[in-house]
Amino acid sequence: MSDDEFGGRGGAGAIGDDDVNLPKATINKLIQELMPGEFSCAKDAKDLIADCCKEFVLAISSEANEICEKDSKKTMMPEHILAALKALGFDDMVEDVSEVLQDHKEIAKGEKQKKAKKLGGGSGMTQEELLAAQEQLFAASRAKFEAGGVSETPAA
């Protein structure tokens with residue numbers, strides 16, 4: 001496909017179609033998982049599938065980019081991808097992609113909660129208790145400093 005079909009990516013600093021590839025190991029793993037055990041896939045067929053995947057991703061991302069530009073947005077969002085799928089005639093995929101997006105959001109939310117719990121909420125103390133403990137530590141440090149309890153070690 002030409003650069004014009006994907007929004008004219010041929011400008012300075014643009015990445016050409018030949019410079020973009022999907023990981024072959026990932027594609028091969030997907031092929032193995034989806035094919036029945038008694039079938040095999042020739043290398044040429046795997047390469048063709050990889051090229052088709054690349055073209056699909058380029059087409060969807062290009063269309064989504066155009067939708068972003070029309071909406072005067074600078075960040076591509078999942079909604080733009082869904083609109084691109086519809087615009088390119090992949091209406092039957094929109095529901096499945098929406099479900100995958102929802103699953104991804106739930107997983108990300110769970111990971112964010114785990115991280116927040118690990119970083120701050122894991123002490124079992126309320127926000128007020130944490131602030132009170134911090135003030136006590138500051139007061140103790142201030143008292144020690146004012147009493148001359150902080151000694152400087154001479155530099156060697």
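Select Lys24 and Asp47: the two form a salt bridge, with the closest N and O atoms 3.1 Å apart. The term salt bridge stands for a side-chain nitrogen of Lys or Arg within 4 Å of a carboxyl oxygen of Asp or Glu. This is a predicted model, in which local features need pLDDT of at least 70 and side-chain atom pairs count only at pLDDT 80 or more, while totals for chains, interfaces and linings use all residues. Residues are numbered from 1 along each chain as its sequence is written, and side-chain values use heavy atoms, with hydrogens and water left out.

Colour the helices next. Helices here are DSSP runs (H or I, at least four residues), numbered from the N terminus.

Now show the surface. Relative accessible area sorts residues into buried (under 20%), exposed (over 50%) and partly exposed (in between), using a 1.4 Å probe and protein chains only. Lys43 counts as exposed at 60%. Lys24, at 48%, counts as partly exposed, and so does Asp47, at 22%.

Move to Phe56 and Phe90. They form an aromatic pair that is edge-to-face, 5.2 Å centre to centre with 85° between the planes. Rings of Phe, Tyr and Trp (its six-membered ring) pair if their centres lie within 6.5 Å; planes under 30 degrees apart count as stacked, over 60 as edge-to-face and the rest as tilted. Phe56 is in helix α2 and Phe90 in the loop between α3 and α4 (91-119), so the pair links distant parts of the chain, 34 residues apart. Phe56 is partly exposed at 30%, and Phe90 is partly exposed at 28%.

Finish inside. Select Ile60, Ala64, Ile67, Leu82, Ala84, Leu85 and Val94, the seven residues of the largest nonpolar core. Such a core is a set of buried Ala, Val, Leu, Ile, Met, Phe, Trp, Tyr and Cys residues joined through side-chain atoms within 4.5 Å. Helices α2 (43-70) and α3 (78-87) are the elements that give two or more residues to this core. Centre on Ile67: leaving aside neighbours within four places in sequence, Ile67 is in contact (heavy atoms within 4.5 Å) with His80, Ala83 and Ala84.
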